[in-house]
Amino acid sequence: MINERYLRRLRVKPGMQVRLGDYHTGWAQNENLREAGKDSVKERALEILEENRAALASAQELLWASNTYAVLIILQGMDTAGKDGTIKHVMSGVNPQGCKVHSFKVPTDEELDHTFLWRYWRALPNRGEIGIFNRSYYEDVLVVKVHPDRLVNLPPGKRGKKFWNARYEDINAFERHLVENGTVILKFFLHISRAEQKRRLLDRLQDEEKFWKFSLSDLAERRLWDDYLHAYEDALSMTSTEMAPWHVIPADHKWVARTLIADIIATRIQSLDLAYPKVTGEAFEQMKEARRQLEGE
Ligand code: ADP
């Protein structure tokens, strides 16, 4: 497990104005890590990731058996930030029956004919499940804020600060409702540097087998880097709450991001102090009788 004090620094304090420039994207985030050196930090990180994969698998089984909470994990980040790889690597040990991933794309006409939270509401995890949102309702205050022309089918009116503040409030109210009714929400912003995004995009363009991952729109969105950064800063500042905190995850190195995210999820589920349901009283006697009958066959 990773030091709690270190993890706390990744969590956005409610009410705080976030400046993403103040957050690291690389592995060398403090004196101790720098002194240890990259190879040794990476080796230890991969060990912790392995431990947490196992911890997550048993935590999920308990979540399923106790059927009291749902867990909603939200992954956001600039293009190429590593959302898909994180899901694949962090959840690889988890029983697929208890884990659902939803990747949200440009909304369909039907989705646009409803209020913005509708499509996410329908995809929420059931009790006992882990749900992962690969992109989420935060897109509606990120890409849509950067491209306000994508706000369609809404009554006419100003699309200024008041409009966006109302959306942040809607999101906070939505999340409060979920938490109050037994959903644990963990939100991760995969924070990469602009230079790292360039490397990853170039990598896709230099290897024919990775061409399919490249989209020309990635380049157009990259030109809007600063607009996205500001939209993220506003969203993180306005929607990090005690109940549903944001974590800013250094993501220039995939092993760093995956290790931190796996640790935060495993630790949070373990903190719920779940237990397997106990069979007692008459039901216990019935079990004993059933066993006796089967053994006697
Ligand atoms: P990904 O980049 O997640 O692997 P795609 O390349 O298909 O998958 O990108 C999905 C696209 O859908 C992104 O450009 C994203 O901005 C867009 N998108 C997601 N949610 C919304 C939304 N609510 N409104 C407008 N666009 C959205």
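## Aromatic pairs, a buried strand and a ligand shell

The structure holds 10 aromatic pairs, and it should be read with the reminder that this is a predicted model. Phe-104, Tyr-120, Trp-121, Phe-133, Tyr-137, Tyr-138, Phe-174 and Trp-246 form one aromatic cluster. Some of these residues return below, in the strand β3 and in the surroundings of the ligand.

**Two aromatic pairs**

- Phe-104 and Phe-133 make an edge-to-face pair, with 5.0 Å from centre to centre and 80 degrees between the planes.
- Because Phe-104 lies in the loop between β2 and α5 (109–112) while Phe-133 belongs to strand β3, this pair ties together parts that are 29 residues apart in sequence.
- Phe-104 has a relative accessibility of 9% and counts as buried, and Phe-133, at 0%, counts as buried too, since buried means under 20% relative accessible area.
- The ring centres of Tyr-120 and Tyr-137 are 5.7 Å apart and their planes stand at 80 degrees, so this pair is edge-to-face.
- Tyr-120 is in helix α6 and Tyr-137 in the loop between β3 and α7, so the pair ties together parts that are 17 residues apart in sequence; both Tyr-120 and Tyr-137 are buried.

- Strand β3 (residues 130–134) is largely enclosed by the rest of the structure, because five of its five residues are buried.
- In a regular strand the side chains alternate between the two faces of the sheet.
- In β3 both faces are covered, with Ile-130, Ile-132 and Asn-134 buried on one side and Gly-131 and Phe-133 buried on the other.
- Strand β1 (residues 70–77) pairs with β3 in the parallel sense over five bridges, and Leu-75 stands opposite Asn-134 in β3.
- Strand β2 (residues 99–103) also runs parallel to β3 and is joined to it by five bridges, with Val-101 standing opposite Ile-132 in β3.

**The ligand and its shell**

- The residues that surround the ligand include Phe-104 and Tyr-120, together with others such as Asp-84, Lys-105, Val-106 and Glu-139.
- By class, this shell has six nonpolar, six charged and no polar residues.
- An oxygen atom of the ligand is 3.1 Å from an N or O atom in the side chain of Lys-105, and an oxygen atom of the ligand is likewise 3.1 Å from a polar backbone atom of Val-106.
- A polar side-chain atom of Glu-139 lies 3.4 Å from an oxygen atom of the ligand.
- Taken alone the ligand exposes 570 Å², of which the protein buries 74%.
- The elements giving two or more residues to the shell are α6 (118–121) and α7 (143–146).

Key:
Residues numbered from 1 in each chain as written. Predicted model: local features only at pLDDT ≥ 70, side-chain atom pairs only at ≥ 80, totals over all residues. Heavy atoms only, no water. Near = heavy atom within 4 Å. Polar contact = N/O pair within 3.5 Å; in protein donor to acceptor, adjacent residues only side chain to side chain. Areas by Shrake-Rupley, 256 points an atom, 1.4 Å probe, with all protein chains shown as cover. Helix = DSSP H or I, 4+ residues; strand = E, 2+ residues; numbered from the N terminus. Nonpolar A, V, L, I, M, F, W, Y, C, P; charged D, E, K, R; others polar. Buried < 20%, exposed > 50% of the residue type's maximum accessible area, 1.4 Å probe, protein only. Pairing = 2+ DSSP bridges. Phe/Tyr/Trp six-rings, centres within 6.5 Å; stacked < 30°, edge-to-face > 60°.
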